[in-house]
Amino acid sequence: MAANMYRVGDYVYFENSSSNPYLIRRIEELNKTANGNVEAKVVCLFRRRDISGNLNTLADSNARDFEEESKQPPIAEQQKHQLKHRELFLSRQFESLPATHIRGKCNVTLLNETDVLTSYLEREDCFFYSLVFDPVQKTLLADQGEIRVGSKYQAEIPDKLAEGESDNRVQEKLETKVWDPDNQLKDSQIDQFLVVARAVGTFARALDCSSSIRQPSLHMSAAAASRDITLFHAMDTLQKNGYDLAKAMSTLVPQGGPVLCRDEMEEWSASEAMLFEEALEKYGKDFNDIRQDFLPWKSLASVVQFYYMWKTTDRYIQQKRLKAAEADSKLKQVYIPTYTKPNPNQIMAPGNKPGMNGAAGFQKGLCCESCHTAQSPQWYAWGPPNMQCRLCASCWIYWKKYGGLKTPTQLEGATRSGSDAAPRGHMTRQEVQGMSPFTSSAGRAKLLAKNRQTFILQTTKLTRIARRVCQDILQSRRAARRPYASINANAVKAECMIRLPKASKSAIKNRPIPRPSLVNIVKELAVQAPLKLKAPRGAPTPINRNQASQPRSAPALLGKRPFDSGSYVGGHPFSTNGRPFMSSMRTTSQSVIKRQRVSHGDAPNPVVFVATKETRALRKHLTQAEMRRAARKPNIPVRVKIPLPPRPLPVPILPSSTSEPIVLED
């Protein structure tokens with residue numbers, strides 16, 4: 001009964017999605033709506049998965065500083081991974097959620113220097129926070145409510161003086177004397193002097209124009225003159241004049257007029273007091289934020305002094321009574337029964353007949369992505385649907401409460417909402433070109449903000465065997481057409497271990513692929529990419545504007561032929577699209593003095609082909625079907641039927657002109 005009773009101030013789990021982790025909130029109010037439902041006004045707390053990567057780096061730096069300052073014992077890598085799931089970030093963001101979405105209680109504490117981080121891992125439903133997250137500004141700040149516990153916050157007590165030893169310290173530098181109780185005045189004389197000081201303060205307010213407007217009546221002026229600021233000034237006057245009443249009286253009323261002493265209650269206007277009450281309602285006793293957001297023209301000392309004087313006024317008492325009446329009308333606690341409905345992510349209900357390896361609709365040989373166990377009374381679908389990953393019952397509860405897996409995995413980052421890394425399918429053309437091995441390093445630097453490091457994937461023997469044994473699961477051809485889609489390698493290997501003992505013992509016949517020797521490959525590459533002498537520097541040769549600069553051919557990677565050494569039929573070279581090569585057509589291997597360099601970022605592909613006038617003229621003689629066939633099969637020569645030029649028409653023989661002039665008559 002007590003476990004399902006939730007009160008104001010409790011830290012609770014809220015469920016907003018069946019597949020995402022719980023939200024951690026602190027209950028501020030419990031309100032009953034008009035239709036009878038209960039809503040909870042809560043304070044938001046964020047996990048590491050809810051903030052950006054830059055802020056996570058900042059949080060890691062803060063955690064390292066804390067470990068060094070507090071001298072934490074050595075922590076294993078897995079414990080560091082799990083501690084990130086226990087760290088929260090406080091915020092000042094409020095929201096209202098239905099109370100029926102509460103799924104349990106948890107404990108959230110402010111991280112202290114005396115705490116041992118590993119102790120949080122030993123307790124269930126226990127979290128800590130040390131930084132405050134601003135969802136609007138996207139910043140992390142240290143919490144101002146830090147409890148100063150530790151050796152560096154303790155006072156250093158000097159040794160006790162021995163008997164007869166004198167104190168050589170200068171007392172005037174250590175403290176200032178403001179009142180001497182062993183003075184020659186009696187208590188009645190001091191009280192009479194304080195009455196005179198109040199009367200002088202009332203008269204001074206009557207002479208001041210601004211004070212007469214604020215306190216138009218005599219009672220208000222007398223009440224303002226009776227404040228502590230007037231009494232403190234009177235006692236300081238007695239101390240400075242050596243407790244001589246005559247001198248003190250003359251100090252209260254100098255030649256210019258009576259002395260007027262005001263405190264913060266008189267200095268602040270009514271509008272400033274209203275702003276302070278509004279800020280106090282929003283931020284509480286966080287005077288730094290009150291001054292920064294509402295009263296930047298006031299000093300911090302002025303805000304603090306006004307707060308403690310404001311607490312002595314009738315205005316504070318009235319607000320306190322109104323808040324007490326509102327608190328009585330609101331709910332103080334609510335009972336939420338235990339949530340027993342099945343989760344939609346369950347892939348096998350207890351008591352049902354198991355499907356394929358205990359998971360209906362899932363592949364065989366699947367295990368838990370976190371603890372890698374194969375036996376569990378209940379399984380839950382987790383991660384992207386195409387991965388077909390699942391978690392056991394205990395790891396699912398850990399995922400829902402702490403927002404991560406017990407062991408770090410690569411798939412954990414893929415399930416984050418709002419992840420910084422975009423999938424391969426959503427990359428731009430420039431990013432894909434930057435990842436291509438055929439792009440030069442200079443072009444990759446222009447295309448991407450960061451150069452990606454080249455890596456080589458080497459398959460193990462078990463992986464190569466699994467490709468043959470589990471062809472129905474792997475579907476290598478489909479995976480090759482969709483390289484951006486992830487492949488669950490653990491499921492394929494697990495299924496391979498099940499099928500491998502049942503596989504046929506006969507050797508798999510491989511089709512031999514004739515491969516040329518290394519010597520022939522080297523000779524072919526040497527012929528295709530001969531050494532070229534550098535062109536001497538001189539005046540640039542003018543070129544045709546229609547001819548754009550072509551990237552020079554280099555030895556192709558992975559043994560591919562360059563484009564300029566493509567087709568030779570009968571000793572005559574053909575261009576790349578299979579058309580006959582003419583003298584007016586230019587290949588990519590011909591060195592051309594560049595006039596305007598093509599930008600890699602603007603080019604749609606790494607290679608640009610520019611057609612000449614003769615090539616465009618030949619295209620006009622091709623039909624649409626022949627153009628499509630040439631585009632699909634560029635290696636087949638294209639036969640172009642050039643029509644014969646039209647025969648010249650016979651020129652009519654004109655009669656010879658006479659020498660007589662031609663006369664035109666109007």
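Helices, by the convention used here, are DSSP runs of type H or I with at least four residues, and strands are E runs of at least two, both numbered from the N terminus. On that basis, the protein contains 25 helices and 14 strands.

Colleagues, a word on provenance. This is a predicted model, in which local features need pLDDT of at least 70 and side-chain atom pairs count only at pLDDT 80 or more, whereas totals for chains, interfaces and linings use all residues. Residues are numbered from 1 along each chain as its sequence is written, and side-chain values use heavy atoms, with hydrogens and water left out.

Let me begin with the overall picture. A residue is called buried under 20% relative accessible area, exposed over 50%, and partly exposed in between, using a 1.4 Å probe and protein chains only. Of the 666 residues in the protein, 28% are buried. Contact means heavy atoms within 4.5 Å. Among contacts between residues at least 6 apart in sequence, 65% join residues at least 24 apart.

I turn to helix H15, residues 393–402. How many of its 10 residues are buried? Seven are, and the helix is mostly covered. The buried residues are Cys-395, Trp-396, Tyr-398, Trp-399, Lys-400, Lys-401 and Tyr-402. Their cover includes strand S2 (11–14), helix H2 (77–86), strand S7 (126–134), strand S11 (379–382) and strand S12 (389–391). After H15 comes Gly-403, with a positive phi near 75 degrees.

A disulfide is taken as a pair of cysteine sulfur atoms within 2.5 Å, and the structure holds zero of them.

Next, two helix pairs. Two packed helices are described by the angle between their axes and the distance between the axes. Here, axes are lines fitted to C-alpha atoms, for helices over the stretch in contact, and angles run from 0 to 180 degrees between N-to-C directions. Angles under 35 degrees count as roughly parallel, over 145 as roughly antiparallel, 65 to 115 as roughly perpendicular, and the rest as oblique.

The axes of H5 (residues 187–207) and H7 (residues 218–225) come within 8 Å and cross at roughly 130 degrees; the two helices are therefore oblique to each other. On the H5 side, Arg-198, Gly-201, Thr-202 and Arg-205 meet Leu-218, Ser-221, Ala-222, Ala-224 and Ala-225 of H7. These contact residues divide into four nonpolar, three polar and two charged. In that classification, Ala, Val, Leu, Ile, Met, Phe, Trp, Tyr, Cys and Pro are nonpolar, Asp, Glu, Lys and Arg are charged, and the others, Gly among them, are polar.

For H19 (residues 461–469) and H22 (residues 489–499), the axes come within 9 Å and cross at roughly 75 degrees, and the helices are therefore roughly perpendicular. Leu-462, Thr-463, Ile-465, Ala-466 and Val-469 in H19 meet Val-492, Lys-493, Cys-496, Met-497 and Arg-499 in H22. Seven nonpolar residues, one polar and two charged form this contact.

Finally, Leu-90 lies in strand S5, residues 87–98, and is buried at 13% relative accessibility. Leaving aside residues up to four places away in sequence, Leu-90 touches Val-43, Cys-44, Leu-45, Tyr-129, Leu-131, Val-132 and Phe-133.
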